Amino acid sequence: MGDNVRVMTRKSVDDPGRPPGIVLSAATSFWLPVPPNRVFDFLRDENSRNEWDILSNGGVVQEMAHIANGQDTGNCVSLLRVNSANSSQSNMLILQESCRDTTGSFVVYAPMDIAAMNLVLNGGDPDYAALLPSGFAILPDGATAHNGGSLLPVAFQILVDSVPTAKLSLGSVATVNNLIACTVERIKASLSCEPAA
């Protein structure tokens, strides 16, 4: 798995809507012997999120707001709150968009702090709400729609240092690599798939 992860860094300076600093992006893709609709429903559902999302830290995830985007109930923007046992993460919200159609689907999300969300909800400038989206595309593997598997490209963006001139450490790369590998393993285990070799 580790050899299949691609990592890229970028310096974020004066970029509206993005936090300043060094951003590490990591991406990989993997196959699941599970139909795309089942994978989509699993990844977008707040009730199963703590099974795969490291950010939820095993806490209870609640949907605070749901804005429908079309007739499919899965096509929406949601505001999720993580009620974590870890008090350092108790003020975290997750802004999530999910969408599906006949060609595929996606689940994209970004953690936000409550203060930034309140600023936006009270008419403040959304450029001050720094977002680093991460997420999944869920694509059919080409077999029949109901019996086929799914191909999942996954990408994470992590702010590794809030100082744009900082040097990237190998430890940061290893942490993000571990995060993406752990997330893939959790998804496979939750959907009763074989663990990755």
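Let's start with Trp31, which sits in strand β2 (residues 21–32). Helices (H or I, at least four residues) and strands (E, at least two) are DSSP runs, numbered from the N terminus. The model is a predicted one, where local features need pLDDT of at least 70 and side-chain atom pairs count only at pLDDT 80 or more, while totals for chains, interfaces and linings use all residues. Residues are numbered from 1 along each chain as its sequence is written, and side-chain values use heavy atoms, with hydrogens and water left out.

Now step back to the whole protein. It has three helices and eight strands, and from the N terminus on they follow the order β-β-α-β-β-β-β-α-β-β-α. Of the 197 residues in the protein, 37% are buried. Among contacts (heavy atoms within 4.5 Å) between residues at least 6 apart in sequence, 56% join residues at least 24 apart.

What lies inside? The largest nonpolar core has 28 residues, and those with the most contacts inside it are Leu32, Val39, Leu43, Phe136, Leu152 and Ile187. Such a core is a set of buried Ala, Val, Leu, Ile, Met, Phe, Trp, Tyr and Cys residues joined through side-chain atoms within 4.5 Å. At least two residues of this core come from each of β2, α1 (36–44), β4 (76–83), β5 (92–101), β6 (104–113), β7 (134–140), β8 (150–161) and α3 (170–190). Another core, of seven residues, lies apart from it and includes Met112, Ile114, Met117 and Ala129.

Take Leu43: leaving aside neighbours within four places in sequence, its contacts include Trp52, Val107, Phe136, Leu152 and Ile187.

Our last stop is Ser105, in strand β6. Ser105 counts as buried because its relative accessibility is 8%. Beyond its neighbours within four places in sequence, Ser105 is in contact with Phe40, Cys99, Arg100, Phe136, Ala137 and Ile138.

Technical notes: Buried means under 20% relative accessible area, exposed over 50%, partly exposed in between (1.4 Å probe, protein chains only).
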